Amino acid sequence: MMIVEIKNVDEKGAGQAVVWRENELGNKKKLKLTIPQTLPGETVRVTVDQPQRRHRKALPEEILNAHAERIGPECPHFEKCGGCVWQHWEYNGQLQQKTNHVKRVIEEQGFDPNLVKDTIGMDEPWRYRNKMEFTFATDGSLGLHEQGNFRKIISLETCLIAGKEMVEAAIEVATWVKEHELKGYNKDTHEGLLRHLMVRQSFATGEMMLALFATEAPDGSLKNAVDTLVARITEKFPQVKSLMWLENTDWADRTQSEKSHTLAGRDFIYDEMDGYRFRVWFDTFFQTNPTQAQKLVDLAVEMAEPKKSENMIDLFCGVGTFSLPFASRVGKLVGIEIVESSIESAKRNAGDNGIDNATFLAQDARTGLAQVLETFGRPELLLLDPPRSGAGGKVMRRIGRSQPERIVYVSCNPDTFATDIKQLEPFGYTLKVVQPVDLFPHTVHVECCALLVRNS
């Protein structure tokens, strides 16, 4: 047992402490401790197993000196569930931590941290998610993974970051599973039926999707049970416009499908953002927090100052979340995305919304950008919204050589964002502003919207 002081939080949101231990030879060795559910500056009592190891994880036994912003968590599952890590931290403190993180990574790359504005938070940082992926335990119970343990599932009673109707529908499915004594999938033996339940609901239209991922088709010995599920869901949840059964026998623990079955309704739901309507399938990437996503779109438009006389490229365009609002404000837009299904969705979404000046290309970012530049010419405006891994040096240098007047970078990972924009400096670009936006309260994640301008 020892008393330690928490110095900072790591990339997963857990507190970190460093202590020095003396071995049998009298030599001192540094011991790094990772202590979940603690905050910077707190003094805590912990017991460390195997202290001879340099990196250890320990749970706090007692908080001796609590942070002024420490609060009691709202959710009864918080101490075990891996969905949230900061419910014990006042929301304003979370926002400040996220701002500080963005400033730090920006400064490490040589940029002025004063260019980073305060993180835009939510007025109501609960029930903000429009999509949840729950997992079945081997006994058929439904919930979320235990913090740091992907072999154990915390049975679902509630979830305060998901929409209330979404949770109620998930619990109804869990009850049906128990009543029919259906088994969950065992990740070690690769046996069992049910793997995941995905729930999506549009905040704008109210339409909901329930998608069950299973190792077998919903027929044969399962038909009666499945018919019961369809009857219960359609009766109790008329807002469910898509009830799907998706076969997945792959060993990888992902919500993917080899064959899909529409049990009721359509195979997609309608959602809306910025006044535009989108079709959302089970595998469609669509912003998980629509309230804050709208702020991201507004910020991007405000920073970019698009004009009808300009051409624009939307890199990593997905299903057109940014493409459609920008297309109505520029002369011509080309969206580039490597996922073909997303490009098909983007084309369909553009057609549904009467957008006729947008073209979409299914290519990887670097190849697609080169192809578009050859036929499209230099754009005045370029927007990119890459995955967490960032765009990468080759893509960023290609962007730099294309010399757009203005670049808007929307990022879900400040670390890769900072290293990416560093690549633009040799091409004459200046970072003007970085605006963090909190799309995931009570977690470590933070999005950014930034503007870079080519020097005249």
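Guide: Start with a term. Buried means under 20% relative accessible area, exposed means over 50%, and partly exposed lies in between (1.4 Å probe, protein chains only). Helices (H or I, at least four residues) and strands (E, at least two) are DSSP runs, numbered from the N terminus.

This is a predicted model, in which local features need pLDDT of at least 70, side-chain atom pairs count only at pLDDT 80 or more, and totals for chains, interfaces and linings use all residues. Residues are numbered from 1 along each chain as its sequence is written, and side-chain values use heavy atoms, with hydrogens and water left out.

Now the sheet. Seven strands make up an open sheet. Their order is E19-E18-E17-E20-E21-E23-E22, with mixed pairing. Two strands pair if DSSP finds at least two bridges between them. Strand E19 (358–362) and strand E22 (429–437) are the edges, and each pairs on one side only. On average, neighbouring strands are turned by 15 degrees against each other, direction ignored. Axes here are lines fitted to C-alpha atoms, for helices over the stretch in contact; angles run from 0 to 180 degrees between N-to-C directions.

Look at one pair. Strand E20 (residues 381–384) runs parallel to strand E21 (residues 406–411), and four bridges join them. Leucine 381 stands opposite arginine 406 in E21.

Next comes the helix. Helix H8 (residues 393–402) packs on this sheet. H8 touches strand E17 (311–315), E20, E21 and E22. The direction of H8 makes about 165 degrees with that of E20. Contact means heavy atoms within 4.5 Å.

Which residues of H8 are buried? They are Val395, Met396, Ile399, Gly400 and Ser402. Seen down the helix axis, the buried residues of H8 fall within an arc of 160 degrees, so they line one face. That arc is taken from the directions from the helix axis to the C-beta atoms. On the other side of H8, Lys394 and Arg401 are exposed.

What covers the buried residues of H8? The cover includes strands E17, E20, E21 and E22. It also includes helix H7 (365–376) and helix H9 (414–422). After H8 comes glutamine 403, with a positive phi near 60 degrees.

Last, the cores. A nonpolar core is a set of buried Ala, Val, Leu, Ile, Met, Phe, Trp, Tyr and Cys residues joined through side-chain atoms within 4.5 Å. The largest has 89 residues, and Val173, Phe326 and Val408 have the most contacts inside it. A second, separate core of 34 residues includes Val102, Ile313, Met396 and Ile399.
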